[in-house]
Amino acid sequence: MRRWASTAAVRLGLLGLCLGSGWRAQAAESEPDSSLRVLAERAGLTLGVAVDTPVLNGDPAHAALAARHFHVLTPENALKWGHVEWQQGRRDTRAFEAIAAFAAANSQGLRGHALVWDREIPAWLSRDDPRVFDAALADHLQATMSDHRDLIEVWDVVNEALGPDGHRAPSSLVEVLGPSYLETAFLRARAEAPQARLFYNDYAVLWPGPKADGLVRLVKALQQAHVPIDGVGLQSHLHLVPEGRLDWPGIRAHLRRLGALGVEIHLSEVDVRVADLAGADQGRLLAQADAVYRLVSVCRLEPACTHVAFWGVSDRYSWIDTAIGPDDPLLWDEQAAPKPAYFAVQDALLGRPWRGCTTNISGVGPSLETVTTTGGRLRRSLESSQAEVVVTDRTASWHGPQVDVRAWLSEGLTFRLSAEVQTAEGMPLQWTLRVVDGGGTRFLKVTETVATGAWQSLEGLLQVDLQPPVETVHAYVEGPNAGHDLALRSVSATVACAPSEATSP
Ligand code: G3I
């Protein structure tokens, strides 16, 4: 069993000392062939993924991705108390053993998840007698850690103990044992595995807010009480709709604040829900990739953040489909093909701008064949080897060339739309968006300028609130008085990436 590279050493730039020559040989591979884990090592990070035994055993494509791209496997369910002791008096570790064998065969480490969690208390265990309950919990912790002491160097000791207000959430653990069960669990874990790194793991503690503040208070309180805690797992189940646009500078400041307490940070359960983003599939996947890019970049840039783990390999198997509804939250699609989010991880690990910011997604090619007009007559021509469309016979100022942008617009992202246009000097020029959706028909001004008479760039930022059902969304150039021709010779759209707070040191 290969141990994880010491993440502290990795972050200190001592990677070469930790990894064998095989790793360096892989790192020299050409980039398109490089696995994510090779790129992660260059960035000083380790990458993990959650796996479940039936999927690893039953889907070779999925297993191959898990083996190739990740340093560490997190058993998604196989080590949870309710799974191991689903029968009273008998520990069933077969599911975990299968994952451990897979990890050993692929030189991967294992992340222990999750020793103490209110949701995974065996159904047969009575809550009536606190002493019996506590003894069972202590036995579970002792047996699980001692069984796997040589295999597992990081444990989520306690999972999801905080409420949305940052205080301890009500739970049967609190009800039966009192809130100190948490401190007791860490003390027992340290006694059982003195070399292991002990983590507290929770959701909705990635971004600033009362729960994130509660996490900081918890870490400080544990440290002051000399209760051993080495790290925090920030689960990073992202849902771009209710959280709105995530506060990336705030997230980075929060990671820095945690790092200043001396704890290691793992982004322990990354997935990004996109199913209910208003917009089109292409746009949704770009919004997801944008979030993944920023998340991995933040971790790469904050020294205390050492590990990013995705909560599943491909969209074919995600807890979200079962627990919430059909979605596509991961890096590979149902056919195990890489999604934009996969390439965003590559870009983030390489520390270069996300390619979504430079790739033209307008759907308008150089020959402009998809450009139509809102009125007048559309004439296509090829001037000095560059295609051009001219709208002539305009009888209203709003007649002009238009493009269908519905295929790529999405909530949660801003796009930069630009075109090269020409009309008579002094005429107004404007990009307008016409949206026909559940909210009716709306016209939105994207940008405006005054014509110079020469070819000029008309560029604006698109950020739209679409309301289902979305019927049509067109962007068109308008403005010149009727009778003036309006010409266009290129259109492009890219994701508008902020001069990135998340990517600059
Ligand atoms: O294995 C049984 C199967 O035999 C049975 O037929 C089936 C019927 O419901 O259930 C199967 O077990 C389910 C298991 O997932 C495997 O699919 C459980 O009911 C179900 O509760 C369990 O859900 C897991 C959940 O944690 C609760 O433990 C999810 O897979 C897992 O992804 C999810 O992971 C959690 C992290 O541990 C903590 N953070 C949040 C994250 C998402 O909820």
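Trainee: What makes β6 and β7 a pair in this predicted model?

Mentor: Four bridges join β6 to β7 (residues 231-234), and the two strands run parallel. Pairing needs at least two bridges, so these strands qualify.

Trainee: How does the chain get from β6 to β7, and which hand does the crossover have?

Mentor: The path leads through helix α12 (residues 210-224), and this β-α-β crossover is right-handed.

Trainee: What makes β5 a partner of β6?

Mentor: β5 (residues 152-159) is joined to β6 over five bridges in the parallel sense. The cut-off is at least two, so β5 and β6 count as paired. Within this pair, N159 stands opposite N201. N159 is also one of the residues around the ligand.

Trainee: Why is β6 called mostly covered?

Mentor: Six of its six residues are buried.

Trainee: Now the open sheet: why are β11 and β17 called edges?

Mentor: The strand order is β11-β14-β19-β16-β17, with antiparallel pairing. β11 (372-373) and β17 (440-450) each have a single partner strand, so one side of each is left without a neighbour in the sheet.

Trainee: How do you know that β11 pairs with β14?

Mentor: Two bridges join them, and at least two are required, so the pair meets the cut-off. In this antiparallel pair, T373 stands opposite P401.

Methods. Residues numbered from 1 in each chain as written. Predicted model: local features only at pLDDT ≥ 70, side-chain atom pairs only at ≥ 80, totals over all residues. Near = placed C-beta within 6 Å. Buried ≥ 20, exposed ≤ 12 C-beta atoms within 10 Å, placed from the backbone. Right-handed = clockwise from strand over helix to strand, strands pointing away.
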